Amino acid sequence: MKKGKLGWGLGVLVVLMLILESSTSSRGVRWRKAMQHQEREPLMVPNRVGVSSVMFPLHGNVYPTGYYNVTIQIGQPQKPYFLDVDTGSDLTWLQCDAPCIRCMEAHHPYYRPNNDLLSCNDPLCKSLQSNGGNRCDSGQCDYEVEYADGGSSLGVLVRDVFPLNFTNGAQARPHLSLGCGYKQSPDATNHPLDGILGLGRGKTSIISQLSSQGFVRNVVGHCLSSRGGGYLFFGDDIYDSSHVTWTALSQEHPKHYSPGYAELYFGGRTTGYKNLFVTFDSGSSYTYFNSEAYQGLVYLVKKDLHGQPLKEVPDDQTLPLCWKGHIPFQSIHDVENYFKPFALRFTNGGESKSTLFEFTPETHLIISSKGNVCMGILNGTEVGLGNLNLIGGKSS
């Protein structure tokens, strides 16, 4: 999954073909403000597959910011919101003045909902709650989402206008469902947050809704630069498909963007670590391997660095594993020749042709504020991921 039309010299392009499945569980809560159902206004352009694509600039970086966000216009009149991008969850939600019971610091004033409230019988509500067993006896579609980093949002589903400008010059104002979150718990970073842009494989994700209404093909991708920033896009006419390496998503794990199982290679040779279940998640800054694969990779990296002018520095707490040189490093270019690439080879469910996903120095190393180089591959077992191997935003 490499460069296309958006590819920068140091960029990485990830393109994900989506399959509509439900993946978010929820529990019932009560709406904080009386709302009435209303008819939706007609769309500006007719629904049809392949209208074009939509592209958004991404802001942020893995280090030191620790996250990426995108500016999305929502509402009538439209207002901007900075949303953290997360392919590991389905629901898009905004901090909501409904009124708000508990909200965090935000970049913009809290979202003021209109009266277009989703009912319990709405198909999107049913898909959102199918795994959670929510009774939904209030007549409204309540939700609660919890994230692995400790953050959460509780609220109700509404529908509002998302004004979009397509790359072919067309404009549209589709009505899409989103969460009006009136009770939030901060994540570990506790950074200012307008909301989350959920781009998972479930029916409630924004890309799935746009595809089902016929505005774009069911494709989402991003291109990230090692300098920070990048692009997010929906649709399939942004990139040159001849320069993309494709691999099928696993049908055994419909809740994840997962190519299935992989084998770890280092320096072009197998490490012996096989059957690693892998998933992509842009909501995670770094990549996580299970404990066995992680420890094996660390051993090989340290062994390969023996004799190089790098010294491990335990006192740099930026990441678990950092090294210093004779002088502080300014960029990854200063150290890239010291680190061999490693890769995950996906077998595509037993097909004869496998796919290689390579980790170059630019996709897993960072330069800390102390001028040291640190490895952005972490032990997932230690943070509760079990045997899951998660490729985060830095590497994807």
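Q: Which cysteines form a disulfide with sulfur atoms 2.2 Å apart?
A: C125 and C141. A disulfide here is a pair of cysteine sulfur atoms within 2.5 Å.

Q: Where do C125 and C141 sit in the chain?
A: The pair links distant parts of the chain, 16 residues apart: C125 is in helix α1 (residues 123-129), and C141 is in the loop between α1 and β6 (142-146). Helices (H or I, at least four residues) and strands (E, at least two) are DSSP runs numbered from the N terminus.

Q: What am I looking at, and how are residues numbered?
A: This is a predicted model, with residues numbered from 1 along each chain as its sequence is written. Local features need pLDDT of at least 70 and side-chain atom pairs count only at pLDDT 80 or more, while totals for chains, interfaces and linings use all residues; side-chain values use heavy atoms, with hydrogens and water left out.

Q: Back to C125 and C141. Which hand is the disulfide?
A: Right-handed, because the torsion about the S-S bond of C125 and C141 is about 100°.

Q: Are C125 and C141 buried or exposed?
A: C125 and C141 are both buried. Buried means under 20% relative accessible area, exposed is over 50%, and partly exposed is in between (1.4 Å probe, protein chains only).

Q: How many disulfides does the rule give?
A: The count comes to four.

Q: Which cysteine does C322 pair with?
A: C374, with the sulfur atoms 2.1 Å apart. The pair links distant parts of the chain, 52 residues apart, with C322 in strand β19 (residues 322-324) and C374 in strand β23 (residues 373-375). The disulfide is right-handed, since the S-S torsion of C322 and C374 is about 105°. C322 is buried, and so is C374.

Q: And what does C100 join to?
A: A disulfide joins C100 to C103, S to S 1.7 Å. The link of C100 and C103 is right-handed, with 105° about the S-S bond.

Q: Why does C100 count as partly exposed?
A: Because its relative accessibility is 23%. C103 also counts as partly exposed, at 22%.

Q: Why does C223 count as buried?
A: Because C223 has 0% relative accessibility.

Q: Which α3 residues are buried?
A: A293, Y294, G296, L297, V298, V301 and L305.

Q: What about the phi of G307, after α3?
A: The phi of G307, which follows α3, is positive, near 90°.
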